[in-house]
Amino acid sequence: MTFQPLDIAAFIGFLTLVVGISLYASRGKHDAADYILAGRNLPWWLIGFSLIASNISTEHFVGMAGRGYDLGLAIASYEWMAAVTLVLVGLFFLPRFLQAGIYTIPEYLEFRYDVRTRTLMAAFIMAAYVFVALATVLYSGALALESIFGIDLNLGIWLIGILAGGYTIYGGLKAVVWSDLLQGVALLLGGVVVTVLGFKAIGGIEPFLEAADGKLNTVLPWNHPEMPWLAVFVGGLWIPNLFYWGLNQFITQRTLAARSLADGQRGIFLAGFIKLAIPFIIVFPGIMAAELFADQVTNPDQAYPVMMRELLPVGLTGAMFAALFGAVMSSLDSMLNSAATIFSAALVLVGCLWAPLVAKAGSVFDYIQMFWGFISPGIVAAFLFGIFVPRTPPVAAFGGMILGIPVYGLLLWLLPEVAFLHHMAITFIVISGFMVTLTLRQGLAEPRRLPRSAAQVDLTPAPGAKWWAGGVIGCAAVLYVIFW
C-alpha cells in the first residue's frame, strides 16, 4: 500500500498532537502521587475513556477480530461479561482500595497479608507484563503495520516501543491518560468507519446476516473447546475478568487516581457501557472478512488489517493508521507507567526482544488469555479471601498464589482438549480449598486492620450508582437474548 500526501499528513499530525498535548498536560509534575496517580485528581469522563483506550489495542483489532473471523460473535463474551465485571469492581473493590489509599494493587496485599505476598504478586505481574501483555501488544501492532504497510516486523516492534516508552517515562500517568483520551476516541471512530464500509461492501444488514449464518450465536455448548457457556456465565471467564478489571495495575491505576469514589465509579460505568458496543466495531469486521476477503486472509489475525487495506479510501488510510498506531501506544504506555510503579519501565526492552516469539504461539488472543491463567486464579483468590474472609493468614495467600502455577500447567498438559477457561475454574477451586484449609488451621486470631487513606479522598458513592450498575448489566442481558 502506498501512502498519499494526505495520509502522511494525517498520520504525522495525529501523533504530534497526541504527544504534544500529553506532555503539556503532565508538565511540572514530579512527586510520586503526581507521577503514579496524576495527583489523585482524574475526573470521571477521563477515567472512563482511559480505561477503554488502555484496554482496546491490537489485541482486539488483530486478535479479537481474528477470533471473530474463525469463531464468530461468541468471542464477544469477553467484552460483554467484562462490562458486568466492571460494575462489580466499582461497587465492591474500588471503595476498599481508595479507603486504603494504596498506590499499587500489590500494595494492598502487603497491608492485608505481608511484604512477601506483595513481592510475589509484583514479580508475577512484571513477568506477565513482559512475556504476555507487552510482548503481544508490540507483536500484534507490528503485525498490523507489516500486513497493511509492509513495515518490517522487528522494525515495527522497536518503533512502537521507543515512541510510547519515551513520553510515558517522561510524563507519568497524566501524560498517559490524556494520550488515552485522544487515541481512544480516534480508534473508536476508526472502528466505526471500517464497520460501516464493511456493511456497504457486503451489501447491507440482511446480506451480512445471511453470510454470517452460524457465527452470530454468543452461547455455545458447555463443552465447547474455547467459549463454553458454563465458563462464560458461572465459571472460568470470571477469573480473568476479575483479575484484569479489578486487580491488574495498568487498568486499576486509573480508578485509584480518581479525585473521589463517585468519579471512579462513574468512570467505570462509562467504560462498561462502551465495552458493550466494542464487538460491533471489532468482531463484526472479522466476520465480514471471512465473507469478503477469505482468499487474502492466510492467518485469522490478518482479518482486520486486510479489511482496512481493502476498504479504506485514499485520505482515510493515514488517519486509520494513526488510530491503530495510537491503540498500540495506549495499551503500551499504560503498561509502562504501571510497571514503573512496581519496578521499572525499562522492561519494555525485554518485551521488544520477546515479542517476535509470540508468532509461534498461533492466535494472539488465545496466547494472551491462556497464559494469564497461570497467575490470575491465585491472585483473584488471594484478594477475595483477603477482602471477604478476615481471618485468612498470609501463608494461605502466598501458598495459594504459588500453587496455581503447577495446577494450571498440569491441567493444560493432561486435558488439552478442555477449554482453558475450565482449567482456570478448576485451578481456582483447588486454590480456594487450600486457602480454606489453612484458614481453619492457622487463621488469624484478630483481623488485620487496613490503614485509612491520608489523601482524604471523598468516599461518597456516586448518586444512583446502583441504577447505573443495573443499566450496564441489563444492557448486557438484552444483547445475550438478541444474539442467543
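I began with Ile375, which is buried at a relative accessible area of 8%, where buried means under 20% relative accessible area, exposed over 50% and partly exposed in between, with a 1.4 Å probe and protein chains only. The model is a predicted one, in which local features need pLDDT of at least 70 and side-chain atom pairs count only at pLDDT 80 or more, while totals for chains, interfaces and linings use all residues. Residues are numbered from 1 along each chain as its sequence is written, and side-chain values use heavy atoms, with hydrogens and water left out.

I then placed Ile375 in the loop between helix H17 (364-372) and helix H18 (376-388); helices (H or I, at least four residues) and strands (E, at least two) are DSSP runs numbered from the N terminus. Leaving aside residues up to four places away in sequence, I found that Ile375 touches Phe124, Ile125, Ala128 and Phe243, a contact being heavy atoms within 4.5 Å. Ile125 lies 250 residues from Ile375 along the chain, yet their C-alpha atoms are separated by 8.2 Å.

Next I looked up helix H12, which spans residues 249-256 and is mostly covered, with 8 of its 8 residues buried. Among them I noted Phe250, Ile251 and Leu256, and also Gln249, Gln253 and Arg254.

Last, I turned to the whole protein, which has 21 helices and 0 strands, and in which 60% of the 484 residues count as buried. Of the contacts between residues at least 6 apart in sequence, 86% join residues at least 24 apart.
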